[in-house]
Amino acid sequence: MENLIEIQNVYKTYQLGKVGSQALNDVSLSVRKGEIVVILGPSGSGKTTLLNVVSGLDKISKGKILYQGKNIAKYRDYKMTRFRKKNLGFIFQTYNLLEHLNVYENVLVGASLGKAKVDIDSIIDTVGLKKHRKKYMYQLSGGEQQRVSIARALAKNPSVMFCDEPTGALDEKTGKVVLQSLVEANEKLGTTMIIVTHNPGIALIGDRTVRMNSGKIMEIKENEKRMNPVEIPWG
Amino acid sequence: MKLLLLNAIKGLRKKKIQMAGIIFMVMLSMAVYVGMNSAIDRLETRYYSYLEEQNVEDLSIGVAVDYSKDVSLSDLDYFLEHQFQNVTEEEHALLEQYRLYLENPVYDVKMLYTIQSLFEKYEADIDLKTRILDSLKEEYQFVYEFERSKTVSDDKKLIKFLPYEENNQINQLYLVEGAFPKGENEIAILSGYAKKNHLKIGDTYTVLGENYTIVGFAYAPDYIYPLISFSMPIFDETNNNIAIVSETAYQKVVGVKDNSIALDYQFPTNRKFEITVSVGTEETENNSPFADDPVMRILDEDKVVMDINTITRLGRISALQMEFASNRLFAECFLYLLLTISVLIIVIITKKRIDDERLQIGVLKSLGYNRFSIAASYLVYPIVGSLVGGILGYIIGIIAHYPIANVLLSFYTVPLENYQLDLSYLSKAIFTPMISLSLLSYLIALFMLRKKPLALLKEGSNLKVNLFSRIVNKINSLFPFHYRFKYSLAFRSLGKLLIVTITSFCTGLLIVLVLIGSNLFNHMIEESFAGIDYRYLVMLGQFDYKDANEYEEADYVLSVSVPLKEIKDKNGNIKPIEKEDEEIQFALTGLDTTAQYVRILDKEEHNLIDRLDDDEAIIVNENAKELYNLEVGDQLHFVYETIDMTYTVVGFSSEFMGRSGYINREAMSTDLGLGNNAYTTIYSNQEKYESYKNLDAEEATKIAYILNMNDMRENIEKQMDRFNGSIYIVIAFASIMVLVIISVIANIVVEENKKTISLLKVMGYKNRKISSMVLNIYTPFIIVAYLLSIPAMIGILKAIVNAIVGDIEITIPITISPIMAGIGLVGLLVAYYIAIGLSKRVLNKVPLAVALKRE
């Protein structure tokens with residue numbers, strides 16, 4: 001399988017006054033198309049920073065980030081925006097939904113970016129929220145909100161989805177439902193998934209697990225097979 | 001609690017722009033308030049004591065000598081031996097005719113008016129007036145003095161000469177520096193004029209070739225506003241002067257005489273020299289409007305009239321009061337406008353902080369802290385804003401009051417009180433904003449903190465969409481997604497929307513104020529001179545006669561002031577006239593329809609003069625129209641002496657001062673019993689009227705005064721430049737304020753939607769699209785608020801002007817053209833979008849990942 005993303009010798013330094021903090025220290029990784037890669041690590045390991053730089057939400061200090069051979073680390077703001085529009089989807093721990101819009105409209109926000117016409121109701125149905133179509137965010141539980149977020153991200157059919165602690169604010173049952181949605185999206189649509197988490201159980205749903213600590217990749221492990229999200233140990 | 005307080009203090013640093021906006025507005029409002037009031041205090045304190053010390057007149061009167069009854073044959077003989085020694089043959093013949101009249105009276109208006117002019121020309125009327133006044137002074141308890149002056153025109157300079165009379169009791173001259181003149185060639189002048197013309201005590205001052213030595217600087221207390229000539233109605237320090245000379249020197253001065261009678265009551269009048277006429281509140285036996293007013297009661301005497309220049313004279317004395325009133329009013333309005341805007345901004349900051357800290361607040365409440373103490377921690381914003389802004393504003397105001405006082409003194413001749421530090425202004429500068437801003441923001445914080453702890457602690461408790469928003473969203477669902485997104489976001493927080501709209505409205509008020517103010521005086525000048533095509537207005541001291549077509553080089557005009565007695569509408573129903581209006585004179589002007597130097601223009605600039613073909617037609621001015629609520633077709637009934645005159649309204653002229661009406665001259669002359677084609681005024685462009693020297697003796701003796709309209713316009717425009725200078729300063733300040741307010745609004749809009757903006761950017765929305773969907777959501781509301789501010793500001797200005805001018809009859813045309821309004825709107829929106837762009841640039845510097853994090 002070809003590499004969709006290649007991360008080559010990436011450094012990220014945060015300057016705090018006169019002191020520099022090395023958040024990423026010579027990180028290299030490649031991600032194949034259609035893969036689910038889980039980045040695992042404790043708090044402060046640099047996993048979220050890695051996610052942010054790979055997805056273009058933050059700039060690197062040194063190195064390359066190649067998407068199908070093109071170095072996106074050099075992209076200017078408007079080009080990066082266009083790139084994200086065409087290729088990337090995001091799911092956040094805090095959902096980041098628009099509370100003044102209902103479920104349908106939140107998904108529409110994502111769908112409006114795609115060129116092809118999208119059946120929004122079908123996407124909402126995919127994430128099991130058909131009954132909640134007209135509801136506002138304050139009327140939904142955490143898990144339901146996260147599924148809205150997934151639907152919004154999928155609505156524009158991205159080639160890569162970045163998920164930053166997608167179950168961080170959820171209980172086990174709800175978290176597993178969300179993970180199930182992600183896996184189904186990957187299997188049905190072929191969307192490459194990069195999931196950041198501190199929960200080792202979640203690592204089992206992916207194709208590969210990348211362990212990070214202190215800004216470095218400690219280990220990259222291939223999973224023999226993906227585990228069903230319902231069966232994974234939690235925590 | 002400490003935590004919240006610390007957070008609030010930290011928040012000050014994050015809200016730099018907003019806090020700077022509050023501090024700036026408090027500072028500016030206080031600077032204007034303290035500066036204006038301090039300057040006015042210095043003038044006002046001294047002004048009233050000055051009036052008392054110099055024994056300024058209580059009233060200026062004229063005496064109406066009835067030449068049909070008040071002159072006996074023996075009086076005439078006496079005058080023939082004394083005052084009338086050097087009359088011309090023609091004048092002598094007239095006096096003989098008058099003798100015949102006295103022996104066998106047959107009322108002849110024309111002859112009596114001519115006799116009056118003759119008596120006044122040779123000052124034979126003084127004795128008659130003295131006799132009348134002496135017969136009244138015991139009953140009305142007054143003393144009086146005849147006031148004399150001569151106006152001299154030397155090149156572009158106008159000088160009012162006054163004789164120095166040491167024993168003068170009323171309107172005593174005030175010595176500023178040096179000494180009063182004693183010798184024939186000594187003179188005392190205005191200190192401001194001396195400064196502008198680089199003159200000092202000891203220098204030679206030349207007027208019309210006559211050399212004087214300046215011995216002192218002095219003021220005349222009945223010339224506090226030194227209106228010397230209507231040709232130069234706005235005091236020009238450089239070209240207008242009051243010159244005090246000895247009696248001998250005064251007799252030699254050749255100039256236009258202006259005599260009047262100053263009256264001083266021997267009982268305390270306790271008046272502040274108002275120019276309004278007080279009116280009795282109950283019906284009295286004689287129904288006089290002056291019956292209850294001991295000061296004005298003397299006007300009940302049919303011999304005593306308000307001097308036709310009384311408004312001018314009292315205006316000269318009391319005009320400064322209008323400055324006090326108007327400047328204080330302006331300072332108060334300005335203060336409250338800016339404080340209102342500051343309150344709105346503080347409300348936004350407080351709300352944002354409470355929203356952001358709701359979890360902490362929820363914890364505090366669940367621990368047992370009440371919302372009163374929690375709300376108190378948010379007082380740091382108004383307290384800091386008021387303290388810093390108030391102190392700075394006070395200091396700036398104290399410094400600024402010096403130039404403000406000097407500007408006022410460039411128009412008025414009154415001594416200035418020494419500056420005394422008034423700490424009450426400091427406490428007002430700090431505590432007024434502190435109390436008003438703190439109280440309001442405290443109450444609002446209390447309201448916002450009303451939720452129960454659990455509700456605050458619940459995740460997403462701030463995400464609720466209120467009922468109104470849901471209703472709006474339902475309506476929105478009919479529209480394309482782009483609009484739905486925008487307007488559901490706009491209506492998401494009604495409070496925020498209201499604040500942005502109100503703040504925009506206040507900003508609009510400032511912009512409209514600037515636009516109207518920048519053009520107001522120019523507009524007034526244009527309107528005033530719009531129908532005038534003559535250079536010289538020549539006012540005669542008596543009636544003369546000329547047929548309309550006799551000369552082509554001038555227009556002949558008949559001017560008479562008469563009281564309006566009755567108004568009837570088209571159907572013959574009587575329209576009521578207010579009691580106080582009954583005695584106020586209506587200025588009637590008789591014009592020929594062939595007039596070539598004057599046009600009677602209406603608001604649309606149509607010339608209405610042809611309507612005077614009808615002998616019964618009258619065209620009244622806009623001011624009279626508003627005062628009497630007149631319509632075309634109404635009938636106006638005047639009574640002049642014993643003569644009734646009725647005219648029908650056919651149109652309205654665009655003139656805003658006084659109450660005036662235009663009538664066909666021939667008809668008016670006949671109606672008044674003056675015979676055919678009488679006139680009192682000439683409108684002409686003939687060069688001979690440039691100076692009295694160019695006129696033949698006969699014509700010169702007929703003339704009371706000549707107004708040079710070009711000089712008048714030049715004087716007004718030149719002085720307006722000074723006003724315009726002040727206006728430009730106000731415009732600059734207002735523009736800065738507008739920019740500050742808009743920056744604050746823009747900053748708030750960007751900050752409030754930071755997460756939404758960042759999220760859309762992350763998702764891949766372009767900047768332009770994001771601006772359209774998020775940042776421009778308030779644009780329609782800003783436009784509507786601005787449009788509403790236009791009639792609001794026009795209404796406010798009209799109310800302020802009416803409050804200031806009171807009974808002075810003036811309708812100032814406060815308008816704004818659609819183009820100017822459009823310019824204001826464009827300016828507002830451009831400033832708004834620039835401010836949005838700048839705020840966004842700050843946001844763009846924050847990495848998206850950071851921007852999306854929960855605060």
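What percentage of the 235 residues of chain A count as buried? The figure is 54%, where buried means under 20% relative accessible area, exposed means over 50%, and partly exposed lies in between (1.4 Å probe, protein chains only). This is a predicted model, in which local features need pLDDT of at least 70, side-chain atom pairs count only at pLDDT 80 or more, and totals for chains, interfaces and linings use all residues. Residues are numbered from 1 along each chain as its sequence is written, chains are lettered from A and ligands numbered from 1 in the order in which they are written, and side-chain values use heavy atoms, with hydrogens and water left out.

**Chain A as a whole**

- Chain A contains six helices and ten strands; helices (H or I, at least four residues) and strands (E, at least two) are DSSP runs, numbered from the N terminus.
- Of the contacts in chain A between residues at least 6 apart in sequence, 71% connect residues at least 24 apart, a contact being heavy atoms within 4.5 Å.

**Salt bridges**

- Side chains of opposite charge can pair when their charged atoms come close.
- Over all chains, the structure holds 33 salt bridges, each defined as a side-chain nitrogen of Lys or Arg within 4 Å of a carboxyl oxygen of Asp or Glu.
- R32(A) pairs with E222(A), and their closest N and O atoms are 3.2 Å apart.
- This pair links distant parts of the chain, since R32(A) is in strand 2 (residues 19–32) and E222(A) in strand 10 (residues 216–222) of chain A, 190 residues apart.
- Both partners are partly exposed: R32(A) has 22% relative accessibility and E222(A) has 46%.
- R32(A) and E222(A) also belong to a network of salt bridges with E35(A) and R208(A).
- Another salt bridge joins E219(A) and R211(A) (3.3 Å, N to O); E219(A) is partly exposed at 37%, and R211(A) is partly exposed at 39%.
- In chain B, D634(B) and K575(B) form a salt bridge (2.5 Å, N to O).
- D634(B) lies in the loop between helix 18 (622–628) and strand 18 (635–640) and K575(B) in strand 15 (residues 574–575), so the pair ties together parts of chain B that are 59 residues apart in sequence.
- D634(B) is buried at 0% relative accessibility, and K575(B) is buried at 16%.

**A buried proline in chain B**

- P433(B) is placed in helix 13 (residues 423–448) of chain B and counts as buried, with 0% relative accessibility.
- The C-alpha atoms of P433(B) and S386(B) are separated by 5.5 Å, although the two residues are 47 apart along the chain.
- Beyond its neighbours within four places in sequence, P433(B) has contacts that include V26(B), M30(B), L339(B) and S386(B).

**Positive phi values**

- N96(A), a residue other than glycine, has a positive phi near 50 degrees.
- N96(A) sits in the loop between strand 6 (88–91) and helix 3 (103–111) of chain A, and N96(A) is buried at 6% relative accessible area.
- E123(B) has a positive phi near 60 degrees and is found in the loop between helix 5 (109–121) and helix 6 (125–140) of chain B.
- E123(B) is partly exposed, its relative accessible area being 31%.
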